[in-house]
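Hi everyone, thanks for coming. Let me put the structure up on the screen, and then we can walk through it together.

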Amino acid sequence: MNYKIIFNIIGFLLILTGLLMLPGIAFSVYYGHSDIVSILTSSLITIISGLVIYFLTKNANKHQLGKREGYLIVTLGWIVISTFGSIPFLIHGSIPSVTDAFFETMSGFTTTGASILTDIEKLPAGLLFWRSMTQWIGGMGIIVLSLAIMPLLGIGGMQLFSAEVPGITKDKFHPRVKETAKRLWGIYVILTVAETILLMIGGLTFFDAINHSLTTMATGGFSTKNASTAHFDNPFVQYVFIIFMFFAGMNFALHYFLLHWKFDVLKKNSEFKFYLSFIIISTF
């Protein structure tokens, strides 16, 4: 087991996580809330920890990353990122229990959507945004790990999920995976931005719109309101949620094909046909 490369990648993931905490500060400043110091401190702790781990293992042989290392990176990655991701809640004191803070953060990163909070609206804006970001990051987590990060380290991430694909060598698979990852990330961002704009047209503030877009696209369901989407008594807003939840529930590989105007793929895809049929039947 190549432990050096495992910690090297986890260090990089911590740096990225720490940087993604920072945007929430903008909302804290705008609304004049008291969570600026807690978010900034948590971000610095996470980034510095990541940098130390990353540079201590920078000489790791990236060509020795196998399936065992890949599985351990994914497993440890969720645990470590969720641990550091819970620090803002703990420092601020909005979730004083370590267990509860870890549960809330893990629920976000895994896009589970379960929450220990009984009064969500009491949380300051910055922490609410970070809470939503954990789901958005988690929604792309598997794609990033399997299609973007792993190929750069000498192994196709998809090998974690499909043991061996006949006829596809690592050299042929490598560039296609990288390109696909970029396209899928782009689609994810475009859909999030599009939903945010439509929700704002429907009367939501930018803060509520961006938060609900982040969690809709992740299919997680975290909200900034205690009543969740029922808080917004507006048919237009409700339909925007429904449409984008439908898109978010689709296999993102299908979005990639749709972007290339390959609509025949939808007709041939048994997963999509079952998904669409199930929703139509359930709705009626």
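Let me begin with a definition: angles under 35 degrees count as roughly parallel, over 145 as roughly antiparallel, 65 to 115 as roughly perpendicular, and the rest as oblique. What you see is a predicted model, where local features need pLDDT of at least 70, side-chain atom pairs count only at pLDDT 80 or more, and totals for chains, interfaces and linings use all residues. Residues are numbered from 1 along each chain as its sequence is written, and side-chain values use heavy atoms, with hydrogens and water left out.

Now, the helices, which are DSSP runs of H or I with at least four residues, numbered from the N terminus. Take helix 2 (residues 24-31) and helix 3 (residues 36-56): their axes come within 9 Å and cross at roughly 165°. Axes here are lines fitted to C-alpha atoms over the stretch in contact, with angles from 0 to 180 degrees between N-to-C directions. Helix 2 and helix 3 are therefore roughly antiparallel. Who makes the contact, meaning heavy atoms within 4.5 Å? On helix 2, Gly24, Ile25, Ser28 and Val29, and on helix 3, Ile36, Ile39 and Leu40.

Another pair is helix 10 (235-249) and helix 13 (residues 270-283), with axes that come within 11 Å and cross at roughly 150°. That makes helix 10 and helix 13 roughly antiparallel as well. Met245, Phe246 and Gly249 of helix 10 touch Phe272, Tyr275, Leu276 and Ile279 of helix 13.

On to the inside. A nonpolar core is a set of buried Ala, Val, Leu, Ile, Met, Phe, Trp, Tyr and Cys residues joined through side-chain atoms within 4.5 Å, and buried means under 20% relative accessible area, with a 1.4 Å probe and protein chains only. The largest core has 46 residues, and Phe89, Phe129, Tyr188, Leu199, Met217 and Phe252 touch the most other members. Helix 7 (residues 125-152) gives the most to this core, eight residues. A second, separate core of five residues includes Met250, Leu266, Phe272 and Tyr275.

Last, how many salt bridges are there? Two, counting a side-chain nitrogen of Lys or Arg within 4 Å of a carboxyl oxygen of Asp or Glu. In one, glutamate 104 meets arginine 131 at 2.8 Å, N to O. Glutamate 104 sits in helix 6 (residues 98-109) and arginine 131 in helix 7, so the pair ties together parts 27 residues apart in sequence. Both residues, glutamate 104 and arginine 131, are buried. The other joins lysine 225 and aspartate 208 at 3.7 Å, N to O. Lysine 225 and aspartate 208 are buried too.

Note on methods: Buried means under 20% relative accessible area, exposed over 50%, partly exposed in between (1.4 Å probe, protein chains only). Helices (H or I, at least four residues) and strands (E, at least two) are DSSP runs, numbered from the N terminus. Contact means heavy atoms within 4.5 Å.
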